[in-house]
Amino acid sequence: MPANDTTDHDLTDPSFYDWFTTERVRFSDTDMVGHVNNVGHTALIETGRIAYAMELSGRVEVPFGRIMFVRLEVDFREDLYWPSHVDIGARIVGVGTSSFRIATGVFHEGACKTTAINVMVHLGDDRRAAPIPDDMRTVLEGELPG
């Protein structure tokens, strides 16, 4: 799967996501202007991606360190301010031979603030890209939109 693959899904629509977590925006996520800065947005995306991946990993055994994060494509859509809570949605949007893509959306009071495509790669014993194991592929493909 090419790293620059795009999705045909509306990542700004909260109903697209089938998994969510809630996170508190921290004061340290803000900048001099008072809104959440780009690093704060990517930290929220990371929190959602990791929490979702941990939930999925509970369904299949994948040795620690066998999945590597290799690419992040972010669209900053609207300002976000502290203090607030956000809902972070996640969903598998692509499965390749050795990689898969997780879409994430950050929402505040139903409004989409940030979307992202996260590319993950399965590693073999030599720490190089390796085919996704069948049991893991089954779980990942089961999460794809219909």
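Which strands does α1 lie across, and at what angle to β3 does α1 run? In this predicted model, α1 lies across β1, β2, β3, β4 and β5, and runs at about 60° to β3. The protein has two helices and five strands. From the N terminus on, their order is β-α-β-β-β-β-α.

**Overall build**
- The radius of gyration is 16 Å, close to the 15 Å that the globule rule gives for 146 residues, so the protein is as compact as a globular protein of that length.
- The C-alpha trace spans about 45 × 30 × 30 Å along its principal axes.
- Of the 146 residues, 42% are buried.
- Among contacts with a separation of 6 or more, 72% are between residues 24 or more positions apart.
- The protein exposes about 7900 Å², and carbon and sulfur atoms supply 51% of that area.

**Sheet**
- The five strands form an open sheet with antiparallel pairing, in the order β1-β3-β4-β5-β2.
- At the edges are β1 (19-24) and β2 (67-76), each of which pairs on one side only.
- From one strand to the next, the twist averages 25°.
- β3 and β4 run antiparallel and are joined by eight bridges.
- I92 has its bridge partner in β4: I102.

**Helices on the sheet**
- β5, one of the strands that α1 lies across, covers residues 111-122.
- α2 lies across β2, β3, β4 and β5.
- The angle of α2 to β3 is about 120°, while that of α1 to β3 is about 60°.

**Nonpolar core**
- The largest nonpolar core has 13 residues.
- Those with the most contacts inside this core are Y52, L56, I92, F100, I102, M136 and L140.
- At least two core residues come from each of α1 (38-57), β3 (85-95), β4 (99-108) and α2 (134-142).
- α2 supplies the largest share, three residues.
- The bridge partners I92 and I102 are both among the core residues with the most contacts.

**The β2-β3 loop**
- P83 is found in the loop between β2 and β3.
- Is P83 buried or exposed? P83 counts as exposed because its relative accessibility is 64%, and the cut-off for exposed is over 50%.
- P83 and H35 are 48 residues apart along the chain, with their C-alpha atoms separated by 9.9 Å.

Terms used. Residues are numbered from 1 along each chain as its sequence is written. This is a predicted model: local features need pLDDT of at least 70, side-chain atom pairs count only at pLDDT 80 or more; totals for chains, interfaces and linings use all residues. Side-chain values use heavy atoms; hydrogens and water are left out. A nonpolar core is a set of buried Ala, Val, Leu, Ile, Met, Phe, Trp, Tyr and Cys residues joined through side-chain atoms within 4.5 Å. Buried means under 20% relative accessible area, exposed over 50%, partly exposed in between (1.4 Å probe, protein chains only). Helices (H or I, at least four residues) and strands (E, at least two) are DSSP runs, numbered from the N terminus. Two strands pair if DSSP finds at least two bridges between them. Axes are lines fitted to C-alpha atoms, for helices over the stretch in contact, and angles run from 0 to 180 degrees between N-to-C directions. Contact means heavy atoms within 4.5 Å. The radius of gyration is taken over C-alpha atoms; the globule rule is 2.2 Å times the number of residues to the power 0.38. Accessible areas come from the Shrake-Rupley method with a 1.4 Å probe; for residues, only the protein chains shown count as cover.
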